[in-house]
Number of protein chains: 4
Amino acid sequence: MAFRMQFLSDNAAAVHPHVWEAMHRADAADTPYDTDRLSAQLDDAFGALFNREVAVLWAATGTAANCLALATMVAPHGAVLCHREAHIETDECGAPGFYLHGAKLVLAEGEGAKLTPATVRAALDAIRDDVHQAQVHALSLTQATEYGRCYRPHELSAIDAAVSGRGLRLHMDGARFANAVAFLNVPPAEAAGPVDALSFGCVKNGAMGAEAIVFFDPGLAEIARWRRKRAGHLQSKGRFLAAQVLAMLDGDLWLHNAAAANAAAAEIGRGAGERLLHPVEANEVFLHCTAEEREALRAQGFGFYDWGPDAARFVAAWDTRQEHAQALGDALAGL
Amino acid sequence: MAFRMQFLSDNAAAVHPHVWEAMHRADAADTPYDTDRLSAQLDDAFGALFNREVAVLWAATGTAANCLALATMVAPHGAVLCHREAHIETDECGAPGFYLHGAKLVLAEGEGAKLTPATVRAALDAIRDDVHQAQVHALSLTQATEYGRCYRPHELSAIDAAVSGRGLRLHMDGARFANAVAFLNVPPAEAAGPVDALSFGCVKNGAMGAEAIVFFDPGLAEIARWRRKRAGHLQSKGRFLAAQVLAMLDGDLWLHNAAAANAAAAEIGRGAGERLLHPVEANEVFLHCTAEEREALRAQGFGFYDWGPDAARFVAAWDTRQEHAQALGDALAGL
Amino acid sequence: MAFRMQFLSDNAAAVHPHVWEAMHRADAADTPYDTDRLSAQLDDAFGALFNREVAVLWAATGTAANCLALATMVAPHGAVLCHREAHIETDECGAPGFYLHGAKLVLAEGEGAKLTPATVRAALDAIRDDVHQAQVHALSLTQATEYGRCYRPHELSAIDAAVSGRGLRLHMDGARFANAVAFLNVPPAEAAGPVDALSFGCVKNGAMGAEAIVFFDPGLAEIARWRRKRAGHLQSKGRFLAAQVLAMLDGDLWLHNAAAANAAAAEIGRGAGERLLHPVEANEVFLHCTAEEREALRAQGFGFYDWGPDAARFVAAWDTRQEHAQALGDALAGL
Amino acid sequence: MAFRMQFLSDNAAAVHPHVWEAMHRADAADTPYDTDRLSAQLDDAFGALFNREVAVLWAATGTAANCLALATMVAPHGAVLCHREAHIETDECGAPGFYLHGAKLVLAEGEGAKLTPATVRAALDAIRDDVHQAQVHALSLTQATEYGRCYRPHELSAIDAAVSGRGLRLHMDGARFANAVAFLNVPPAEAAGPVDALSFGCVKNGAMGAEAIVFFDPGLAEIARWRRKRAGHLQSKGRFLAAQVLAMLDGDLWLHNAAAANAAAAEIGRGAGERLLHPVEANEVFLHCTAEEREALRAQGFGFYDWGPDAARFVAAWDTRQEHAQALGDALAGL
């Protein structure tokens, strides 16, 4: 932690001042759990954002948001189809197995951790329709993906069309949904596409410990309420989570924060040039980088993760200072 | 929520200013999850409090704390012995069933929601030692109980002696452990007795969304770490939870807050006199009260819960104003 | 096992010759799992018995049958209402917790282990309709009960009426359904009443290792098929289970066997006279009996279980010899 | 099922006459569950076979046997390492997810569905040792594999050495263990290698519905007993399962039956020649075969499964008639 300029992750960034203010305002007495006045505003706030009726629950983490959403869609004897490098597969310590009571994750391929109609179909078609193999009940997409790649609206539609008639539910892990919307420059509803539930990330984007699960099928939210309590995620001072989420929506803070992070990543990407492993779309930069080069960068004060033996990952956050991004871009260009 | 003087619960009270300050200090960049400098201080801070080596994890809610602790002690084919009115049985929507993968809760009796050596033995002896009945792997005590009653150290020892030789683990739900210690006026270690893990409550006592799970057997904490992640309870900005917990310990804020709540409850109890259903030990007051009397109290601006047809529950919090408690005591005396 | 005359249980009795014959006939090659010709006959065979469309699955044990049926009716965050002395509560080592992923069992009272409209309503009304308490999704009745008591058709209707409008599913544990029908002397459909699924017991009544789960709502069977496979209960030579079940139905063997067992129990009951703890309706006899008296009986060659310190349980099976029942009746009369 | 000569699978073959006889002998009254005299003989019978102390439980299916064994080795937050084409991954409808409460299956590669030290190490090394990724608690090998390939004793030792120091338990899915031993021509203990538990298959080899779980660490069996009951797999007339298993051991019936099946497969393999996809080691034959060729074979009366678009699978069973195997071999040679 001695690095002056941090690009390790967006997941531990500072809390935005507007979020702090909203939390302080929420300190006034109110009723417990999600019966408070702020929690009651979530449906309307997100309804306005997505321009349709939604039911919204807060949860403290993205893992909880993803799993609570999926638990409403997938029976224990079913399966979730996701990318081989989806967060639910690689970084949640089997949380879907816990929340879905042993349902399987079926893994599909795709460049940049993006599923495609072809890879989805291939994964589905490999499953025999008999009782010996768990059938896929839901598809989980990540927007933006683990490599910071964004699904275009037409790509979401094409995937939806590809699974049409199979009775699948659709979930979107939107831990970095804001970054995707900022990049795509489309209305949020188009960036979400035809999904039944969206884990709308806030923690990586300026909040402290609150994500929103946006159910486009409100009936699913009714199930998720029980599961949330049962998972110990119904905080008694839930008003502080609602306050965080509402503050993110207020004045489109979520979008401004994401745009700032994306801009910093773009700056880094410009410096990286040919080194880039993936086009920089959201707030993450993956690039070729030898061990010696990484050492040199760290010596200059840049903190970041190795990404295998010959690569590195740099993540910009809402509060990444533009001069740090510039300095990193310059350093990369100068390697 | 129109009541001027709230005695509904301590679970939605305001956040103590010292906790706010600690959280703000924690905003500075640090590493994610529980790798930050504050989380690293928990073991020592609680070690000092309990005067022995402990391993401590934060969790957002009491339900999560209880279940994560129990999940380290009870196999899925086992059972937890608890009081019929324990929170894990009555108010967690089956969370223990979720976290313990279907392990049973075996219910025992006891006045004031307190287990006794006799009721514990009776419950255990009713279980045949054969494969057709789930065997008890752990005993869960609540300090203070759901009725605000406190186990004296010798009572804890007696229960421990009663189950000796049966290979049981002991857990303590200490959502209101602070109130118990304030009442008992003994060192925390004596109020916890011989338990293997303690859910050390902070949320009801001035924190926002952080409890501490204190493992007196550090080996159990190693299991709990995985379970916490897997349950979506490993918050990426965990430093804010650690900050809350440390702030509660700092200068014995936990004890001062609890003492204030207890004092308010005692004041109410004095006014209640013969109406009391339980001696007032911690911060809760249960009393006989007809529907008409409850209406009269509410008309005077007091908010509280009915407790069945002929009783009411009043809960004082750390921030209950002494004049409100007095006013309530007077009102009760004047019924 | 040195006792000449066994009344320990019906659960380990011999296999009926007709069942053996049917199993031998099934040895001829056929397709695996439940794709064989015998398994395919189950729906029609039970459809004829119950005079309505049903979907039927075999399972090796009553515990599996009960739990597979309930798993189609109860979400993990829900609960099953059953009698405090129901087999699923007392003798399945938490199997419902396993199969239902932690759903709770809510216990109700009733004489002779029979639920009543009043006890069912009392148990349901004690549950707050909020997210902190698991809601009941299904009611499980046992016909005949653990004490050999039988629900009359009008009693089943009354319970059904009592839960009307609550959206509950109904399950019947019919490990001794045959004995109940033989006693009630009504069509099987009336003894089952308005349930959605019935565990139709065969093992205690002349089969070797096969029960039938009769789904009166065939949609539930579609779920149960997956759960059965997933539980390791889809035997590859399933034709042998189907053969057993069909043999039980053939020529009403199930009813004749049950009638024989009931007759033996009635004979014992006549000898027991005033000692009886419960009226003898099915094939079980519970009676007052001191330790000395039990010793005397065992000295005469009768095998049976103690039932607490002052009672004993005698169970007759399909193959209990009438002279043994008579001898026991005489011995009891002569105590 | 119109084919005169069946090579679809060994899983629905007839029951061996010796097994029938043993079952009939077991019909005599005995005590329920696994308290009977036959179940009590299992430990010694397998102890003699493996020349060491073991604890043995019966279970009705291979899926149950595998999952009950693994459930004693793997915590819900852990993982099982197995081959990508292992039965527990591909053909048990998520049963490991159910029995292991959501633990993951980590998949490794290897020719012929055989793991190697290198592929095992590669899979293990890909898992970060942090709380975000489920750690492997057990390794599951299949002997013979899904492609009828057998691990030589030195290969088992090498895999064991490769995972040494990682604290892994070892499980062997031996649904066709007999075929492997018959092929390897080594003592059973060498074919099992250093595993902690072996699912010793009988159903595919002449039994009706009984497998043996052989625990080389008897402490694990103590856990499995509870899990078996809780899974509804503790049959009350367990003596019939014990009888089947003991009959398989008696006079080495298990080995003779497997040798017969292997011989038939070898005969087929000889005819297949260059078409073979895998060397024929056990009782399965996989070969290249166009759709037209498959049609021609079926027209000659041979029943078998397609194996993708250009291949077919033929399985010989203990009761495969030598002239059928010869006819098939000839037909393949003549294609």
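A residue is called exposed when its relative accessible area is over 50%, and buried when that area is under 20%. In the predicted model described here, Arg270(A) is exposed by this criterion, because its relative accessible area is 58%. Glu267(A), at 16%, falls under the limit and is therefore buried. The side chains of Glu267(A) and Arg270(A) form a salt bridge with an N to O distance of 2.9 Å. Both residues belong to helix α12 of chain A, which spans residues 253–272, and they are three residues apart, so that about one helical turn separates them.

Over all chains, the whole structure contains 92 salt bridges. Side chains of opposite charge can pair when their charged atoms come close. In chain B, Arg176(B) is bridged to Glu284(B), with 3.4 Å between the closest N and O atoms. Arg176(B) is located in the loop between β6 (169–174) and α8 (177–184), whereas Glu284(B) is in strand β9 (residues 284–288); the bridge therefore ties together parts of chain B that are 108 residues apart in sequence. Both partners are buried: the relative accessibility is 8% for Arg176(B) and 2% for Glu284(B).

A further bridge in chain B links Glu323(B) with Arg321(B), where the closest N and O atoms are 2.6 Å apart. Glu323(B) has a relative accessible area of 39% and is classed as partly exposed. Arg321(B), at 48%, is also partly exposed. In chain A, salt bridges connect Asp10(A), Arg176(A), Glu284(A) and Arg313(A) into a network.

Helix packing was examined for one pair in chain A, α6 (residues 117–125) and α7 (residues 153–163). Two packed helices are described by the angle between their axes and the distance between the axes. The axes of α6(A) and α7(A) come within 9 Å and cross at roughly 25°. Since angles under 35 degrees count as roughly parallel, α6(A) and α7(A) are roughly parallel to each other. The crossing of α6(A) past α7(A) is right-handed. On the α6(A) side, the contact involves Pro117(A), Val120(A), Arg121(A) and Leu124(A); on the α7(A) side, Ala158(A), Ile159(A), Ala162(A) and Val163(A) take part. Of the residues in this contact between α6(A) and α7(A), seven are nonpolar, one is charged and none is polar.

Terms used. Residues numbered from 1 in each chain as written. Chains lettered and ligands numbered in written order. Predicted model: local features only at pLDDT ≥ 70, side-chain atom pairs only at ≥ 80, totals over all residues. Heavy atoms only, no water. Axes fitted to C-alpha atoms, helices over the stretch in contact; angles between N-to-C directions. Helix = DSSP H or I, 4+ residues; strand = E, 2+ residues; numbered from the N terminus. Parallel < 35°, antiparallel > 145°, perpendicular 65-115°, else oblique. Left-handed = near helix turned anticlockwise from the far one by under 90°. Contact = heavy atoms within 4.5 Å. Nonpolar A, V, L, I, M, F, W, Y, C, P; charged D, E, K, R; others polar. Salt bridge = Lys/Arg side-chain N within 4 Å of Asp/Glu carboxyl O. Buried < 20%, exposed > 50% of the residue type's maximum accessible area, 1.4 Å probe, protein only.
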